[in-house]
Amino acid sequence: MTIIKFIWRKILRPFLNIFLKPNCPLCQRSADREFCQYCEKQVWHCQFPNGGEIFSGEVPVFVWGQYKDSLKRAIAAMKYEDHPQIAKPLAYWLADGWLASPMATLDKVVVIPIPMHKRKQRERGFNQAELLANSFCEATGLQIWRNALARKKETRALYSLSFAERLEMVQDAFVVRKDFRNRPPCTSVLLVDDIYTTGATVNSAIEVLGKAGIKVVGVLAIATTKKPTRSKPQLKSQKVVRKSYSQK
Ligand SMILES: [Zn+2]
């Protein structure tokens, strides 16, 4: 080892690493991973019991946690404070929860992220749903169809709108890209988004994919504003969902 290499490896690089080590995006304390240990625990406090919550419906929705406190902060930091690296741990935790859920008995599914409008994505530099879907597929081994959907309509923030306004806003918001139209009908799809609220966005995507012969069998999201339902009817319908999957 030359003297220059030695100085670089043993002195300069470790010294620089002290400064280059990224801080926790939520509290700015130094962190070895994406979050510091304290914030990671706080984010985990927002997880639903049993690894996640399934909201049953025509298409079941699996959500990792409640959109509140540190999870809400983490998603905001990822999207608005330029911390795309946050997508990875969130997606891995989502994958863990999903793999342990009845929805994971699906086989032969591909993953499609909810797209952003081109201009908005250029401004942000990334689409968080795509980053989540990438890491989710890394963790589960599922295939991703990154560009199957495109957003043709630029929508403004949906959180301030009523359900009817949201529906109108997202109607015809998506288009299925040419290469993906009329693929074999056996292909089933899981949609991935960061936040699930009224379902207006994903329903619009489900509709346009359906018209192109692509069946959506589940929706996955990191967080939801919906409260989990623990009533008997939901458990009953979950069993129905499980049964219909195993019949495929
Ligand atoms: Zn922290």
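Mentor: Along the chain, the donors of the zinc ion follow the spacing C-x2-C-x8-C-x2-C. One pair among them links distant parts of the chain: Cys27 sits in the loop between α1 (3–20) and α2 (37–44), whereas Cys39 is in helix α2, 12 residues apart. Helices here are DSSP runs of H or I with at least four residues, and strands are runs of E with at least two, numbered from the N terminus. This is a predicted model, in which local features need pLDDT of at least 70 and side-chain atom pairs count only at pLDDT 80 or more, while totals for chains, interfaces and linings use all residues. Residues are numbered from 1 along each chain as its sequence is written, and side-chain values use heavy atoms, with hydrogens and water left out.

The zinc ion is coordinated by the SG atoms of Cys24, Cys27, Cys36 and Cys39, at 2.2 to 2.3 Å. Donors are N, O and S atoms within 2.8 Å of the metal (3.2 Å for Na, K and Ca); water is not among the atoms, so sites may look incomplete. The four donor atoms subtend angles of 104 to 115 degrees around the zinc ion, so the arrangement is tetrahedral. Four donors count as tetrahedral if all angles lie between 85 and 135 degrees.

Cys39 is buried, because its relative accessible area is 5%, while Cys27 counts as partly exposed because its relative accessibility is 26%. Buried means under 20% relative accessible area, exposed over 50%, and partly exposed in between (1.4 Å probe, protein chains only).

Conventions:
Tetrahedral: all angles 85-135°; square planar, octahedral: opposite > 155°, others 65-115°.
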